[in-house]
Amino acid sequence: MEGAVMNRVPRGGGEGTGPGRHQSLALSLRDVRVDFPGSSADHPALDGVDVECRDGEFLVLVGRSGSGKTTILNVLSGLVTPDSGEVEILGGKPKAARDDLGFMFARDALMPWRSARRNVELGLEILGTPKAERRETAVRMLERVGLGHATGRLPAQLSQGMRQRVALARTWVRQPKLLLMDEPFSALDAQTRRESQQVFLDTWADSSASVVLVTHDLTEALLLADRLVLLSAGKVLREVTIPFERPRDLDELVTSDEFRRLERELWELLI
Amino acid sequence: MTVIEEARAPARAPVARGVDTKHRVLSAGGGFLLQLLPLGVMLGLWQLAAELELGRPLVVRSPGQVWTAFMDLHSSGVLWSNAWATLQATIVAMALASVIGIVIGLTLALAPRIERVVNPYLSAMNSAPRIAFAPVFIIIFGIGMSSKVALAFSVIIFVIILNARAGVHAADPDVVRLMEVLGANRRQTFTKLLFPVSVPSIFAGLRLALIYSLLGVVTSEMIAARDGLGQLVAQYAGNFQLDYVYAVILVLVVIGTALNSLAGVVERRLLWWKAP
């Protein structure tokens with residue numbers, strides 16, 4: 001994939017980054033506690049969680065089901081209000097609808113009656129972007145994710161992977177400062193998933209967005225992240241800074257010895 | 001390593017799932033002739049039954065006799081003026097019920113609190129045999145077009161309301177959430193998501209309603225009316241002229257089928273994005 005070799009400044013909390021370069025925070029959770037209604041006070045969904053993500057950083061929250069990772073995302077998007085603790089996101093309180101916040105879900109959520117291009121335009125339509133401009137932006141973004149040939153196709157005429165790339169383009173056209181992703185690749189087969197991850201990393205390189213991605217897939221977490229937060233039973237188990245350089249060629253990275261060693265090490269932590 | 005590389009060659013999922021040629025075979029020219037076959041067989045058996053005098057001759061008229069009756073109705077002009085009366089009432093009822101039903105259905109779906117209050121009444125009225133109201137409407141509206149329209153309207157309005165409402169509820173929760181996080185206001189959510197998403201279901205309702213509208217009108221006409229095909233049926237049946245009754249019924253079948261095909265054409269135009 002040609003896009004993989006695009007130049008990109010290393011950023012986030014990576015070890016190669018100079019100190020003090022990324023001091024401003026895209027978001028922070030401090031001592032956040034969330035009790036689920038009906039659950040006992042002994043087992044809160046989140047129990048004193050501290051997480052922060054620097055500007056431009058790629059943060060991945062990993063854990064098995066019930067570890068609290070999706071709850072963190074819901075707190076960040078304003079869907080869940082914590083019972084105690086402080087949350088700040090892009091310098092304000094969490095709320096769902098913000099122009100500078102982007103979302104990706106496991107399902108592509110495309111509208112079946114809209115062509116790929118019109119699906120990508122959707123986010124801009126809501127912002128009130130003039131027609132000609134949003135059309136041009138949408139086409140450019142679709143070209144960027146490798147779908148320049150399919151702008152006029154309906155979702156039913158696209159494969160799963162292509163559909164997820166349309167969803168990706170729809171997210172990027174809004175130029176979000178922070179992207180919240182909830183298992184965005186989990187519905188794809190292994191091959192398509194790797195392709196989509198690569199396309200995502202390449203397009204992220206064009207942006208200056210911070211990313212918080214939630215996944216249960218440790219390999220995916222290691223491939224994508226600047227920093228991992230391992231969650232278990234509502235608590236932060238461990239934070240790990242990922243040493244791999246960017247830009248990353250995922251197919252190459254996943255087979256490297258260093259990658260495998262780190263993966264094995266963390267895997268044991270998670271079990 | 002090379003083996004692995006090879007195994008990794010992209011295996012893309014098939015594109016163009018929308019084009020399914022299998023379903024098109026029947027609509028091709030050969031298929032149409034095939035579709036005519038059962039009609040030929042049926043007419044043949046009918047004629048045969050008449051010739052062999054199976055059943056009571058009063059009931060089993062031959063296709064030939066029905067044709068003669070049809071030509072008589074046609075040349076006397078009785079048929080078409082009455083057909084027009086029936087068609088007119090069907091379309092008026094349909095138009096009124098469509099506009100009102102779609103508005104009510106969408107409103108209910110968008111206002112869950114009202115929906116909760118109205119729901120039991122809706123389902124009660126929907127399950128009531130509304131054809132039984134025919135005499136009531138005739139007393140209220142007289143034997144002109146209004147009573148026919150009223151009966152047909154009462155029959156079809158609920159189908160349309162329920163389908164419009166169901167259509168909105170069929171919206172993919174993920175897309176609803178997407179609209180939310182994109183910051184869409186209520187109007188945008190309606191025009192860009194909830195209305196388009198309900199169109200297929202609304203159309204399914206309208207297609208049903210069109211046929212039921214014809215049914216309601218004909219029923220009303222049979223009970224009491226100045227004109228209409230239902231009135232003709234009642235009149236000829238009273239005189240035991242079943243060949244004439246069959247001729248009128250055939251015309252009704254043709255009208256019903258034509259209305260249905262017309263709806264099909266409109267539907268395909270509007271729902272072009274659905275797989276053929």
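Helices (H or I, at least four residues) and strands (E, at least two) are DSSP runs, numbered from the N terminus. This is a predicted model, where local features need pLDDT of at least 70, side-chain atom pairs count only at pLDDT 80 or more, and totals for chains, interfaces and linings use all residues. Residues are numbered from 1 along each chain as its sequence is written, while chains are lettered from A and ligands numbered from 1 in the order in which they are written.

**Exercise 1. Describe helix H5 of chain B.**

Step 1: Start with length. H5(B) covers residues 112-127, and its 16 residues reach 21 Å from first C-alpha to last, close to the 22 Å expected.

Step 2: Look for a bend, meaning the angle between axes fitted to the seven residues ending at a residue and the seven starting there. H5(B) bends by about 50° at Val118(B), and Pro120(B), a proline, follows within four residues.

Step 3: Check burial. A residue is buried if 20 or more other C-beta atoms, placed from the backbone, lie within 10 Å of its own, exposed if 12 or fewer, and partly exposed in between. The number buried in H5(B) is zero out of 16, so the helix lies largely in the open.

**Exercise 2. Find how domain 1 and domain 2 of chain A meet.**

Step 1: Domain 1 of chain A is 24-100 + 177-271, and domain 2 is 102-175.

Step 2: Count contacts (C-beta atoms, placed from the backbone, within 7 Å). Here 17 residues of domain 1 of chain A touch 19 of domain 2 of chain A.

Step 3: See who supplies domain 1's side. Strand S6 (178-182) and helix H5 (190-206) of chain A each give two or more residues, and H5(A) gives the most, with six.

**Exercise 3. Decide where in chain B to read with care.**

Step 1: Take the average of pLDDT, the predictor's confidence in each residue, from 0 to 100. Chain B averages 86, and 88% of its residues score at least 70.

Step 2: Over residues 1-22 of chain B, pLDDT stays under 50. Where pLDDT is low, the predicted coordinates should not be read in detail.

Conventions. Domain bounds come from an automatic or database domain assignment. Two residues are in contact if their C-beta atoms, placed from the backbone, lie within 7 Å. The expected span of a helix is 1.5 Å times one less than its number of residues.
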